[in-house]
Amino acid sequence: MSTLAAEDPARERESFADDVAGMFSFLISPSSAARRVFRKWFWVAPLVLFSIVSVIAAYSMIPITLRVIGSMGMSDQQLVIASRMQHVVMWFAPVSAAAIYAVEALILYSVASVSGVNARFGALFNLIAGCSLIQMLAAIAGLIIIRAKGEVSSMAELRPALGIDIFLPAGINRFLVAFLGYFSIFELWWIVMLVLI
């Protein structure tokens, strides 16, 4: 009887509310985040938040994207098709995010298996889901930059530069610029937190 009483507080701490409150530890506290990756349903809270923010960001980008596509000389019919495609992509954000989490977790699981590290797929899935909050912040930062610019006239401007390439002088090798452009501040933050957790 005393054993059950001792286990109850631990089970209470593993509530959905605790998962919601604790998911932000993936942004700043690797040790606190590491304790959450072994919870069975932890991934639900980050996936829900990521999906909500993705849908809102995608919805607010639709008029801007359509204006840019329209300025490229597309017909009205092509604009209608582009609009429908963006709406479909927007509403499938939760499914596509879960699929991406699963693929990334599977890659980590494969690397761990080859390296001889004992890892569980569920824990790695939770790890990827928690770290996706950093990518969510990247999407929010990109949206803020695009909105602050005002008029966007090209497809390139729809992807604001957040990478290390912004520190390079003009005339540098374009492959180096593309490579360093991939490693944004948020991408480096994601990699560091992933490794530390």
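Among contacts in the protein between residues at least 6 apart in sequence, 65% join residues at least 24 apart. The structure is a predicted model. The protein has 10 helices and zero strands, and from the N terminus on its elements run α-α-α-α-α-α-α-α-α-α. Of the 197 residues in the protein, 35% are buried.

Two helix pairs, both involving α8, were examined. Two packed helices are described by the angle between their axes and the distance between the axes. For helix α7 (residues 93-115) and helix α8 (residues 121-149), the angle is about 125 degrees and the axes lie 8 Å apart. The two helices α7 and α8 are therefore oblique to each other. Their crossing is right-handed. On the α7 side, the contact is made by A98, Y101, A102, E104, A105, L106, L108 and Y109. On the α8 side, F121, L124, F125, L127, I128, A129 and S132 take part. The residues of this contact between α7 and α8 divide into 13 nonpolar, one polar and one charged.

The second pair consists of α8 and α10, which pack at an angle of about 165 degrees with their axes 9 Å apart. An angle over 145 degrees counts as roughly antiparallel, and α8 and α10 are therefore roughly antiparallel to each other. The crossing of α8 past α10 is right-handed. Helix α8 contributes L127, I128, C131, S132, I134, Q135, L137, A138 and A141 to the contact, while α10 contributes F186, W189, W190, M193 and L194. The residues in the contact of α8 with α10 comprise 12 nonpolar, two polar and no charged. L127, I128 and S132 of α8 are listed in the contact with α7 and also in the contact with α10.

The side chain of S184 reaches the backbone nitrogen of E187 at 3.0 Å. When neighbours within four places in sequence are left aside, S184 is in contact with L162 and G163.

S60 is placed in helix α5 (residues 44-71). With a relative accessibility of 17%, S60 counts as buried. Residues up to four places away in sequence not being counted, S60 touches L143 and R147.

F24 is found in the loop between α2 (16-22) and α3 (25-28). The partly exposed class runs between the 20% limit for buried residues and the 50% limit for exposed ones. Because its relative accessibility is 39%, F24 counts as partly exposed. Not counting residues up to four places away in sequence, F24 touches L49 and L133. The C-alpha atoms of F24 and I134 are separated by 9.5 Å, although these two residues are 110 residues apart along the chain. I134 is also one of the α8 residues that make the contact with α10.

How values were computed. Residues numbered from 1 in each chain as written. Predicted model: local features only at pLDDT ≥ 70, side-chain atom pairs only at ≥ 80, totals over all residues. Heavy atoms only, no water. Polar contact = N/O pair within 3.5 Å; in protein donor to acceptor, adjacent residues only side chain to side chain. Contact = heavy atoms within 4.5 Å. Axes fitted to C-alpha atoms, helices over the stretch in contact; angles between N-to-C directions. Helix = DSSP H or I, 4+ residues; strand = E, 2+ residues; numbered from the N terminus. Parallel < 35°, antiparallel > 145°, perpendicular 65-115°, else oblique. Left-handed = near helix turned anticlockwise from the far one by under 90°. Nonpolar A, V, L, I, M, F, W, Y, C, P; charged D, E, K, R; others polar. Buried < 20%, exposed > 50% of the residue type's maximum accessible area, 1.4 Å probe, protein only.
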